[in-house]
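I opened the notebook to look up a few things in this structure.

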There are 2 protein chains.
Amino acid sequence: MHVDLALVGFGSVGRRFVRLLGERRDRLCRDHGLECRIIGIATRRHGWSVARDGINLSDVLARVEAGLALGLPNGPPALGASDVISALSRSAADLRVMIETTTLNIADGQPAIAHVEAALDAGCHVVTANKGPAAFAYRRLRDRAAANGLSFLFEGAVMDGIPVFNLVRETMPAIDIIGFRGVVNSTTNHILSAMEDGEEFQPALTRMQAEGIAEADPSLDVDGWDAAAKTAALANVLLDADLTPHGVDRVGIGPASASAARAAKAQGRRLRLVASAARIPGGTVRAAVRPIELPPDDILGRLRGMANALILSTDVLGDVAITQSSGGLTQTAYALLSDLIAIARMHHA
Amino acid sequence: MHVDLALVGFGSVGRRFVRLLGERRDRLCRDHGLECRIIGIATRRHGWSVARDGINLSDVLARVEAGLALGLPNGPPALGASDVISALSRSAADLRVMIETTTLNIADGQPAIAHVEAALDAGCHVVTANKGPAAFAYRRLRDRAAANGLSFLFEGAVMDGIPVFNLVRETMPAIDIIGFRGVVNSTTNHILSAMEDGEEFQPALTRMQAEGIAEADPSLDVDGWDAAAKTAALANVLLDADLTPHGVDRVGIGPASASAARAAKAQGRRLRLVASAARIPGGTVRAAVRPIELPPDDILGRLRGMANALILSTDVLGDVAITQSSGGLTQTAYALLSDLIAIARMHHA
C-alpha cells in the first residue's frame, strides 16, 4: 500500500518521526505492506516544501538542523500548512495522511484544530501528537472525520507512545470506561520526586530545565495546563465528555509543594499531581488535575521521575492500569507511527 | 454479521461467557454489527447438544445447573467436541467460531490442542481461554490457522480479560518485545501476601480454598505450573520461542516461603512469584518462574492478592506495564468476547 504523508510542524517530534520512519522502513513494508513517502513539510521557522514524488529527507534534515530554510518562504500564522495539505489532497497514493506536530496552544488549541479540519476537508486522514484538537474540539473533529470516512488519531497526545486511546479502541471493545486516574505530566512528577527527597522547588525546576526535561517557560507544566489538556482529551474520548482544558478543575504545584511532598513521604505516602475524571450522577463528567497524597500501595504513588501511568476504571474488567517507565521524543514519534499503521489497517484497500 | 458459535467445554467460564453474551447483546449489535448464536455445546459431564438454528440458552443453563444432561449422551474423552465442531462447520453464518474453555492439562495440553486443530481443519476460527494450545503448540496452531485464513486467539489464557496478546498485536506494531516479567498467578500472590502479613502457608492455602480462590488440588498453582504455562504461552507468542511449560525453569512456593516472605518485608522488599523470559545471546529464549525478592519501587512488588501485572520490555517504548486490580470469571469470559470481536474486525465481510 502506497502512503503519502504531509508533515505540518517539523520540530523535534516531527524530525524524530522522519528518522524513525527511515529506521523502520523494512519492517513497515514486510509486516504491514506499507511504503511511505513524505511529499510535503510545513514548518514554523524554516519555510515549507512540497515534492510530489517524495522529499529528500536527509537533505531536509540537514538544512533544518543547519538553520537554513527548506526552499519556500513562509511566516506565521500561515506556516505553509494549506499548501502541503493541498498537495497531499492531490496525491494518487492509496492512503493520504497528514502528520500534525505543532505545539499545544493552551488558549484555544489553534492553529492545530484548523490544520486537522483542513486535512479532513481535503480527504486526508489525520494523525497528530498535539493535545489541542482532542482537548478542545474532539466531538466536532470526530464527527467530521466520520462523515468523510476518514480517521483522526492522536495516540501521542497522552503518555507518548504508550497505547491509551488505541488500547481502549482496539482491545477493550463492548465495555464502558467509568472514569480514570493518572500521572500524565513528567516534569511535575520529576519535581515532586526530587522535592520528597529534600530538594526545593526552584533548584529542582532549574536542574530539570538544564537537563532539557522542563521547558524554558515551565508554566504549562507546573501550573497543570499540560495535564489538564491531557485530561480533557482523555475525558472527551473515553467518557464522551465535551470538555476543554479550561473546564478541568486545575491546581498546579509550586514552592509550597515541597513541604507537602516531604510531609507525605514521612508518613509513607506520596504527593503526586493526579489527573482524573469520572461521570457523575446526571451523566456529566467532572475532571480535575491536582496534587493528591497517595497511600503506599497506590500505583500512581510509586511513579518516580519520567514514569507515567493511567488507571482506567471499567464496568467489566475492574481497574486496568498501563504504565510507562520513561517517555520522550522517540516514544512520541512512535505514537505517530503506530497511529499510521492503525489507519492503514482500518482503511486497507 | 451473523456469527455462529460452538462451545467446547461448558464449566464456569463457558457459562459466564454465555451470560455475558446475553448481557452485551445490544452492544455487540449496535457497536460491532454482530448477531451471535450458539449452535452447539459440548461438555465433559453433561453430554452435548446441537441446534442449527440456535440453542435455547436459558434452558441449557438451567439443565446444567440442575445437574441434568443436555440431551445427547457422551463420555470422556469424546466430549462431543467433534460433533459440535462438525455442526459448526456446516453453518452458513458469516463467521464460524469455536469457543474452547476446557481446563488445562499440564502434561501435554490435550485434548484442547486437538479441539483447536479440529476446528481449524473444519474452517472455523478458534477462541480459547485454555493456556494449553499456546503453551504447548503455538507455532503449529498459528501456522495451521494462517494456512487456512483463520484466526486462533487466546487472550483469556493470561491475566484473564486484560489485554496482553491483543495489546501487543493491535497497538504495538513494528516494535520488538525483548523480554517480560510478570506476576500472573493469583493464588500464589494471595498466599505470599498473606504470609508476609504473618500467616503460615497451610492456613493461608486452606483459607483460599474455602474462599474458592485456590483449587482443591492446589499443586498447579503453588508448584508454579499455572505460571509456567502462561510464561510459555507469552514467550511463544511475544518472543517467538518454541517452549512448553516443561521447558520453563520452575520453582514454586511452599511452607518455607513464609519466613522468606516475612524476611523480605522486614527489609522493605517483597517476595513474589515472578514469571519472566528474555532472548539470550544466540537467539534462544530463556524462561523462568520463581519466587524473587523485589525492591520497594518494583511494580510487581506492590501487587497484593488478586492483582496481576506484566511488564513488557521493548526496543522502542522502553518498559510498558499493564496491571489488573482483580481477576475472575467475568474477566476471563470477557477475554473470549474481546477475541470474538477482534476476529469479526479482522475478517469482516
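**Entry 1. Chain A overall**

I am working from a predicted model. I started with the totals. Chain A has 13 helices and 12 strands. I then asked how the radius of gyration of chain A sits against the value for a compact globule. For 349 residues that value would be near 20 Å, and chain A has 20 Å, so the two agree. Along the principal axes, the C-alpha atoms of chain A fill a box of roughly 65 × 45 × 35 Å.

I looked up burial next. Of the 349 residues in chain A, 58% count as buried. I also looked up contact range. Taking contacts in chain A with a separation of 6 or more, 70% come from residues 24 or more positions apart.

**Entry 2. α5 and α6 of chain A**

Two packed helices are described by the angle between their axes and the distance between the axes. I looked up both values for this pair. Helix α5 (residues 112–121) of chain A and helix α6 (residues 132–147) of chain A cross at roughly 15°, and their axes come within 10 Å. That angle is under 35 degrees, so α5(A) is roughly parallel to α6(A). The crossing of α5(A) and α6(A) is right-handed.

Which residues meet here? On the α5(A) side I noted A112(A), I113(A), V116(A), E117(A), L120(A) and D121(A). On the α6(A) side they meet G132(A), P133(A), F136(A), A137(A), R140(A), L141(A), R144(A) and A145(A). By class, the contact of α5(A) with α6(A) has 9 nonpolar, 1 polar and 4 charged residues.

**Entry 3. α6 and α11 of chain B**

I moved to chain B for a second pair. Helix α6 (residues 132–147) of chain B packs with helix α11 (residues 225–238) of chain B at about 25°, and the axes are 7 Å apart. The pair α6(B) and α11(B) is therefore roughly parallel. The crossing of α6(B) and α11(B) is left-handed.

From α6(B), the contact takes in A134(B), A135(B) and Y138(B). From α11(B), it takes in A229(B), A232(B), A233(B), N236(B) and V237(B). How do the residues of the contact of α6(B) with α11(B) divide into nonpolar, polar and charged? I noted 7 nonpolar, 1 polar and no charged.

**Entry 4. Single residues**

K230(A): I found this lysine in helix α11 (residues 225–238) of chain A. Is K230(A) buried or exposed? Its relative accessible area is 11%, so K230(A) is buried. Leaving out residues up to four places away in sequence, K230(A) touches K131(A), A157(A), V158(A), V184(A) and N185(A).

G252(A): this glycine sits in the loop between β8 (249–250) and α12 (257–266) of chain A. With a relative accessible area of 24%, G252(A) is partly exposed. Beyond residues up to four places away in sequence, G252(A) touches V222(A), D223(A), G224(A) and P291(A). I also took one distance. The C-alpha atoms of G252(A) and S151(A) are separated by 34 Å, and the two residues are 101 residues apart along the chain.

V285(B): I placed this valine in strand β10 (residues 285–294) of chain B. V285(B) counts as buried, at 16% relative accessibility. Not counting residues up to four places away in sequence, V285(B) touches A235(B), L239(B), A241(B), L243(B), A277(B), A278(B) and R279(B). From V285(B) to P245(B), 40 residues apart along the chain, the C-alpha atoms are separated by 13 Å.

Most residues other than glycine have a negative phi, and most peptide bonds are trans. I went looking for exceptions.

Where is a cis peptide bond in chain A? I found one joining Q110(A) and P111(A), with omega about 5°. P111(A) lies in the loop between β4 (95–100) and α5 of chain A. In chain B, a cis peptide bond joins Q110(B) and P111(B), and omega is about 5°. P111(B) is in the loop between β4 (95–100) and α5 (112–121) of chain B.

Then I checked phi. A174(B) has a positive phi, near 60°. A174(B) sits in the loop between α7 (165–171) and β7 (177–183) of chain B. A174(B) is buried, with a relative accessible area of 4%.

D240(B) has a positive phi as well, near 55°. I found D240(B) in the loop between α11 and β8 (249–250) of chain B. D240(B) is partly exposed, with a relative accessible area of 42%.

Terms used:
Residues numbered from 1 in each chain as written. Chains lettered and ligands numbered in written order. Predicted model: local features only at pLDDT ≥ 70, side-chain atom pairs only at ≥ 80, totals over all residues. Heavy atoms only, no water. Axes fitted to C-alpha atoms, helices over the stretch in contact; angles between N-to-C directions. Helix = DSSP H or I, 4+ residues; strand = E, 2+ residues; numbered from the N terminus. Parallel < 35°, antiparallel > 145°, perpendicular 65-115°, else oblique. Left-handed = near helix turned anticlockwise from the far one by under 90°. Contact = heavy atoms within 4.5 Å. Nonpolar A, V, L, I, M, F, W, Y, C, P; charged D, E, K, R; others polar. Rg over C-alpha atoms; globule rule 2.2 N^0.38 Å. Buried < 20%, exposed > 50% of the residue type's maximum accessible area, 1.4 Å probe, protein only.
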